[in-house]
Amino acid sequence: MTFLLRMITAAVLFFSLAAAAPAAVVQADSVRVLPISGDIDGSQAAFIQRGLRQAAEEGDTAVVITINTLGGRVDSALKIRDMLMASDVPTIAYVTSRAWSAGALIALSCRHIIMAPGSSIGAAEPIPNTEKNIAALKAEFSATAAQNGHNPGVAEAMVDKSQGYPDYAEPGKILALSDGQARELNVSDGSADTLSEALALYSLGDASLTYVDKDWRDDVVGILQNPYVRTIFVALIIAALLAEIKMAGIGAGIATAFVFGGLLLLSGNESLADGLKIVAAFLVSLLCIGLELASPGVGIFGLAGVVLLFGSLFFMLGATYEAVYILAGGTVLAIILFYIVGKHLPKSRLFEKLTLKNRSTKEKGYTAQADYSKYLYERGKTITILRPSGTIRIGKERVDAVANGTFIGRDVIVRVVKVEGSRVVVEPEPERHPKP
């Protein structure tokens, strides 16, 4: 009984102390601030991607995009729009001065918009100002605004000046709104002189702020994401593999393709899982091409390599219509580049050290040109792979030879079927079966 009373007393004391203890400390709110200023381009898209990833990893309460821009590349603004709308961390746009053109689309992509006094938003008429461009961009603005609870009709008038907006823009004039007008038309949530005041509207006035600036990494990724740069990279990859085939598989072409493929992958927006799949497909494509070079005539490795190569490049480039255009342009450019390099390579000092300077003399086991005719119909064995040219041995002499329309591997018995000056043409000796 005494033991039971002691246990009850201990329990009462424990719960009393627990009730008297201070409440658990609530984690303070944290807000990550990502400034967008100047022209919108690929580096800005890379910067926003990095900032949103950091916000998700650090568990930030919200992300603020401060905006002061006259616009820029629409494709980069669309990438930023997609990232902002897919973000699990709430986003707030704070327009400090101007959110025009592409900047207006970025602002509308955020869940909330606050504008500083004297700031403006809109003026998003596309250049070139064609009916097709206006229709496409107007649809993007309208859908983006509607999804985030902003006025879609106002968003459309920011792009298409022909429709205007009653009491704010006559037909024929593009719509741009001041901070007060934006609040009246349900585009913004209000006005604030400072970022702290803007955050206070969402009960985040006491949040700790983390400012992130664009750096050289974003500039590099932005350059790599330029469609013209990507087209050149694709062309260099394909041209390098063509050169690899022409040079009988010395490895330099595959290594070059690997380097530029890695740069393309680094410039993409894929997740880690998707990125690993693309890397695997690209590496297997190079492996298949290498196997085809090592075992010519099989065909299946070459076909699989080409399919995997273009498939992996397509996904590296984002698997969009733009990716198709880049692949097509890169392929055409690769063919032109390979033709030019192949035509002028022997005259280039850069590749002078790679050219063969040794002479085929009798002292080194070769025969003179005048003696080649004596090998007609003779049998020999290949020393190197004939792809289609290489070296064979006839008797004790080494002879340069050319395969007759096919690849011939090493240590294969061949027969000379034609001699044209110094050109010795051979084909595999047919197998002889004993008579029954």
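What is the accessible surface of the chain, and what share of that surface belongs to carbon and sulfur atoms?

**View 1. The whole chain, a predicted model.** The accessible surface comes to about 24,500 Å², and 61% of it belongs to carbon and sulfur atoms. Accessible areas come from the Shrake-Rupley method with a 1.4 Å probe; for residues, only the protein chains shown count as cover. The chain holds 14 helices and 13 strands (DSSP runs numbered from the N terminus: helices are H or I with at least four residues, strands are E with at least two). Of the 436 residues, 37% are buried (under 20% relative accessible area, 1.4 Å probe, protein chains only). Among contacts with a separation of 6 or more, 61% link residues 24 or more positions apart (contact: heavy atoms within 4.5 Å).

**View 2. Strands E9 and E10.** E9 spans residues 379–382 and E10 residues 389–394. The two run antiparallel, joined by 2 bridges (strands pair if DSSP finds at least two bridges between them). Thr382 stands opposite Ile392 in E10. A hairpin of 6 residues links E9 to E10.

**View 3. Strands E10 and E11.** E11 covers residues 397–403 and runs antiparallel to E10, with 6 bridges between them. Ile394 faces Glu397 of E11 as its opposite residue. The hairpin has 2 residues between the strands. There, Gly395 takes a positive phi near 70 degrees.

**Notes.** Residues are numbered from 1 along each chain as its sequence is written, and side-chain values use heavy atoms, without hydrogens and water. In this predicted model, local features need pLDDT of at least 70 and side-chain atom pairs count only at pLDDT 80 or more, while totals for chains, interfaces and linings use all residues.

Technical notes: Buried means under 20% relative accessible area, exposed over 50%, partly exposed in between (1.4 Å probe, protein chains only).
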